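Keep the sequence and the 3D view open while reading.

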Amino acid sequence: MYDGTHRPFPLPSSRHALRRRALATALSAALSAALLTGCGTEGETRDRGGAATSVKGFPVTIDNCGIRTTYDEPPSRVVTIHQHPAELMLALGLKDRMVGTAFPDSAVLPAYQKDFAAVPELAEKEPSFETVLEAEPDFVYGGYGSAFAQNEGRSRKAFADAGIDTYLNREYCGKKQVSMTDTYDEIRTIGSIFGVPERADRLVAGLQDRIRKAGEAVGGAPPVSVFVYDSGDKSAFTAGGRSLGTEIIRLAGGRNVFSDLDDVFGDVSWEQVVARRPQVIAIYDYRGAGSVEQKKKFLLSQPALADVPAIRNKRFVVLPLTATLVGVRPPYAVEDLARGLHPERFR
């Protein structure tokens with residue numbers, strides 16, 4: 001699975017100082033107020049504005065991956081790094097707050113394609129710290145942990161020193177278990193930060209309804225055994241029992257054959273895959289891991305897998321990796337996967 005490892009981006013200290021001064025000036029003009037910026041570190045509270053506020057529902061204090069931030073008003077200039085934070089922002093109707101995004105992993109959900117295309121793309125992969133500063137954000141929302149890679153100069157402390165708040169998708173806060181509840185909590189937290197809790201509640205209710213309808217459609221059908229193929233040739237990198245992917249499979253009327261793997265992801269041997277005889281193979285699709293067709297060709301060419309039911313019957317379903325990450329996509333993945341596992345229930 002993609003880990004976001006790239007070459008470090010060295011930022012000369014003199015230019016860094018210039019960027020910080022330019023950013024402070026731009027934010028002051030945009031907000032028509034003087035901002036007090038603090039240097040945040042792990043576990044500290046950072047209050048970017050004054051003590052008084054007239055914004056309804058604020059101040060709001062959020063704990064995120066060991067960093068506590070108090071918002072006196074909603075962020076107004078947002079850069080998202082990775083696709084799933086961008087889609088979540090758009091799903092909450094926050095396009096007008098977005099000044100840049102980066103690293104699209106897959107095709108954008110149809111409902112958000114037009115709005116996504118209207119947001120400037122800062123980089124095909126993770127942007128440099130300098131590139132982010134040039135967008136003059138007051139908030140950076142990262143999807144993978146690599147959004148704030150310290151060795152590339154994008155640590156959360158570096159952004160705090162520049163007067164910019166940050167938020168990292170909760171899936172990358174070191175949790176050892178990821179569930180659909182994390183998806184709903186993420187949506188509600190972002191809704192709180194941006195002062196749109198009612199929108200967040202409506203979005204969550206709609207996503208829960210999507211899952212409910214898919215569950216009703218496959219209700220009573222025998223679970224279909226599923227092997228998740230992320231990548232790998234000597235061994236298979238697959239979704240374990242602690243992954244959101246396993247819950248998506250269950251909700252779609254399936255059973256992850258490696259649900260006993262006590263991790264979010266892990267390697268298994270091809271002998272184990274053969275022994276568990278999956279009926280369907282779910283291929284995770286994402287940039288940098290080979291195309292879906294390449295993965296299918298590899299699996300179908302392996303003599304050892306020839307008698308596996310999924311291979312013999314060429315039963316594959318494709319899930320974008322973004323559909324299995326904490327964001328708005330997992331409920332869509334439940335519906336799509338249910339159709340792939342139980343097509344007879346959707347005719």
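## Aromatic pairs

Rings of Phe, Tyr and Trp (its six-membered ring) form a pair if their centres lie within 6.5 Å; planes under 30 degrees apart count as stacked, over 60 as edge-to-face and the rest as tilted. By this rule there are 14 aromatic pairs. Helices (H or I, at least four residues) and strands (E, at least two) are DSSP runs, numbered from the N terminus.

Y144 has a relative accessible area of 1% and is buried, while Y172, with 26%, is partly exposed. Elsewhere, ring pairs join F227, Y229, F258, W270 and F298 into a cluster.

## How the model was treated

The model is predicted: local features need pLDDT of at least 70, side-chain atom pairs count only at pLDDT 80 or more, and totals for chains, interfaces and linings use all residues. Residues are numbered from 1 along each chain as its sequence is written, and side-chain values use heavy atoms, with hydrogens and water left out.

## Charges over rings

A charge sits over a ring if NZ of Lys or CZ of Arg is within 6 Å of the ring centre and within 35 degrees of the ring normal. The charged end of R156 sits over the ring of F148, at 5.7 Å from its centre. For R210, the charged end sits over the ring of Y332, 4.0 Å from its centre.

## Backbone exceptions

Most residues other than glycine have a negative phi, and most peptide bonds are trans. The peptide bond from F58 to P59 is cis, with omega near 10 degrees. P59 lies in the loop between β1 (45–47) and β2 (60–64).

Two residues other than glycine have a positive phi: C65, near 55 degrees, and R277, near 45 degrees. C65 is in the loop between β2 and β3 (67–71), and its 24% relative accessibility makes C65 partly exposed. R277 is in the loop between α9 (270–276) and β13 (280–285). At 41% relative accessibility, R277 also counts as partly exposed.

Key: Buried means under 20% relative accessible area, exposed over 50%, partly exposed in between (1.4 Å probe, protein chains only).
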